[in-house]
Amino acid sequence: ATVFVLNGPNLNLLGTREPEIYGHDTLDDIAGQLEDRARDLGLEIDMRQSNHEGHLVDWLHEAQARGAKGVILNGGAFTHTSIAVHDAIKGIRTPVIEVHLSNPHAREEFRHISYIGRAAKGTIAGFGAQSYLLALEAAARF
Ligand code: DQA
């Protein structure tokens, strides 16, 4: 079974982007950690990143079309703005886990609303790269 891991805007900059907030791991580092754990769990990972909102919408549809077991989604700033991503999650039956490296509730007011969180099965936030690994553990039990 495959778990899609979808990453939104600016997450390609991980490693150098505000490391005091997001840590020093790059997205490739996180992919490596996920792949190691996925192997133990008997899962496959399909990890992607885009700075474009529509790509996330298309990939959510694709996750369902391909029969993915689940989707781990870090929407980046689209979390707080995108009704289109919200509706895409609502529009598929594939369960979606919202993840964040940081804890948006402990940050600026404009990060306190999550359109993704309103549509997702659940949310894991604030544990850095480990948020993704915890989400994979959850997806393995779907
Ligand atoms: C983020 C939190 C968002 O508020 C922010 O816009 C990001 C990263 C996180 O993983 O902590 O780009 O999704």
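Which residues does Leu101 touch, not counting those up to four places away in sequence? Keep that in mind while you load the model, which is a predicted one.

**Stop 1: Leu101.** Select Leu101 and look for its partners: Tyr22, Gly23, Gly128, Ala129 and Ser131, leaving aside residues up to four places away in sequence. You'll find Leu101 in the loop that runs between strand E4 (96–100) and helix H5 (115–119). Buried or exposed? Leu101 has 24 C-beta neighbours inside 10 Å, and 20 or more is enough to call a residue buried, so buried it is.

**Stop 2: Asn74.** Next, click on Asn74, which sits in strand E3 (residues 70–74). Asn74 is buried too, because it has 28 C-beta neighbours inside 10 Å. Show its contacts, again skipping residues up to four places away in sequence, and you get Asn7, Gly8, Leu11, Val99 and His100.

**Stop 3: the ligand.** Now select the ligand and what surrounds it: Asn10, Asn74, Gly76, Ala77, Thr79, His100, Leu101, Ser102, Pro104 and Arg111.

**Stop 4: the annotated residues.** Compare that with the record. An unreviewed UniProt entry has a "binding site" annotation on Asn74, His80, Asp87, Leu101, Ser102 and Arg111. Where do they lie relative to one another? They span 38 residues in sequence and their farthest two C-alpha atoms are 23.9 Å apart, so they don't all gather at one spot.

Stop 5: Asn10 belongs to the loop between strand E1 (2–7) and helix H1 (19–22). Check its backbone: phi is near 75°, a positive value in a residue that isn't glycine. With 14 other C-beta atoms within 10 Å, Asn10 is partly exposed. Glu18 lies in the loop between E1 and H1 as well, and it has a positive phi of about 35° despite not being a glycine. Glu18 counts as exposed, with 12 other C-beta atoms within 10 Å.

**Stop 6: two helices.** Finish by selecting helix H3 (residues 53–65) and helix H4 (residues 83–91), whose axes are 9 Å apart at an angle of about 0°. That makes the two helices roughly parallel. To see where they meet, show Glu53, Leu56, Val57, Leu60 and His61 from H3, then Ala84, Val85, Ala88 and Ile89 from H4. By class, this contact has seven nonpolar residues, one polar and one charged.

Notes
Residues are numbered from 1 along each chain as its sequence is written. This is a predicted model: local features need pLDDT of at least 70, side-chain atom pairs count only at pLDDT 80 or more; totals for chains, interfaces and linings use all residues. UniProt positions are given in the numbering used here, feature names are shortened, and annotations may be inferred rather than shown by experiment. Helices (H or I, at least four residues) and strands (E, at least two) are DSSP runs, numbered from the N terminus. Two residues are in contact if their C-beta atoms, placed from the backbone, lie within 7 Å. Axes are lines fitted to C-alpha atoms, for helices over the stretch in contact, and angles run from 0 to 180 degrees between N-to-C directions. Angles under 35 degrees count as roughly parallel, over 145 as roughly antiparallel, 65 to 115 as roughly perpendicular and the rest as oblique. Ala, Val, Leu, Ile, Met, Phe, Trp, Tyr, Cys and Pro count as nonpolar, Asp, Glu, Lys and Arg as charged, and the others, Gly among them, as polar. A residue is near a molecule or strand if its C-beta atom, placed from the backbone, lies within 6 Å of it.
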